[in-house]
Amino acid sequence: MLSGITVASFLESTIVPIPLEAVLVPLMQARREKLWLIAFMATLGCVVGALFGYALGYYLFDAVGDWIINTFSTPEQFKNVQQQMQEQGFWFVITLGIVPIPFQIAMLAAGATKYSIWLFLLASAIARSIRYFSLAIIVYYAGNQAEWIISKHKTKAMIGLSVLILGTWG
């Protein structure tokens, strides 16, 4: 089960831009004794996936960059991402790692712009830890009501986190 979460998280961060939360929350509720380990394994899978995406951007951007950009975003969005990476990459990666925007954009931009791999991995780990361990905290305290609470407050929480990050960033 735990290796499956890691693989699913890896795939979610590299190929399938579908939020893992839909699977994680029910699993965390069903396996509360492994709640923190599930959050850790999801974070680990995402960080390994982020490293893979970074490598794609770094080594293969010239060959496959156009296809990836057109699949996951638009050329205009990617130009904006490149500019943000050059100006404030660490906070940019954290922001895209938390908010529900495909994280593939940050991974490719970091690699394509040759952003520091260590700062990228640190920002990715922080962002995804915030995302997945926040779910674990909600499940820990809310139990079976977690899915309802998350669905009711998800938009407000994402806006609040985005404002907090942008306030810290700016």
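This is a predicted model: local features need pLDDT of at least 70, side-chain atom pairs count only at pLDDT 80 or more; totals for chains, interfaces and linings use all residues.
F120 is buried, with a relative accessible area of 0%. F120 pairs with F103, and the two rings are stacked, with 6.5 Å from centre to centre and 10° between the planes. The pair links distant parts of the chain. F103 sits in the loop between helix 4 and helix 5, F120 lies in helix 6, and 17 residues separate them. F103 is buried as well, because its relative accessible area of 2% falls under the 20% cut-off. Both rings belong to one aromatic cluster, together with Y54, Y58 and Y59.

Now step back to the whole chain. The fold has seven helices and zero strands. Of its 170 residues, 45% count as buried. Take the contacts between residues at least 6 apart in sequence: 81% of them join residues at least 24 apart. The chain exposes about 8,800 Å², and carbon and sulfur atoms supply 67% of that area.

Next comes the interior. In soluble globular proteins, nonpolar side chains tend to be buried together. Here the largest nonpolar core has 46 residues. The residues with the most contacts inside this core are L24, M28, M85, F103, F120 and Y132. Helix 2 (21-30), helix 3 (35-72), helix 4, helix 5 (104-112), helix 6 (117-142) and helix 7 (146-169) each supply at least two of the core residues. Helix 3 gives the largest share, 12 residues. M28 shows what such a position looks like. Leaving out residues up to four places away in sequence, M28 touches L35, I38, A39, Y132, L135, A136 and V139.

Helix 4 deserves a separate look. This helix covers residues 75-98, 24 residues in total. Its end C-alpha atoms are only 22 Å apart, whereas a straight helix would reach 34 Å at 1.5 Å a residue. Where is the kink in helix 4 centred? On Q88, with an angle of about 125°.

A search of the whole structure finds nine of them. F90 and W91 form an edge-to-face pair, because their planes stand at 90° with the ring centres 5.8 Å apart. W91 is partly exposed, at 31% relative accessible area.

Finally, turn to I15, in the loop between helix 1 (2-14) and helix 2. Is I15 buried or exposed? I15 counts as exposed because its relative accessibility is 53%, and the cut-off for exposed is over 50%.

Notes: Residues are numbered from 1 along each chain as its sequence is written. Side-chain values use heavy atoms; hydrogens and water are left out. Helices (H or I, at least four residues) and strands (E, at least two) are DSSP runs, numbered from the N terminus. The expected span of a helix is 1.5 Å times one less than its number of residues. The bend at a residue is the angle between axes fitted to the seven residues ending there and the seven starting there. A nonpolar core is a set of buried Ala, Val, Leu, Ile, Met, Phe, Trp, Tyr and Cys residues joined through side-chain atoms within 4.5 Å. Buried means under 20% relative accessible area, exposed over 50%, partly exposed in between (1.4 Å probe, protein chains only). Contact means heavy atoms within 4.5 Å. Accessible areas come from the Shrake-Rupley method with a 1.4 Å probe; for residues, only the protein chains shown count as cover. Rings of Phe, Tyr and Trp (its six-membered ring) pair if their centres lie within 6.5 Å; planes under 30 degrees apart count as stacked, over 60 as edge-to-face and the rest as tilted.
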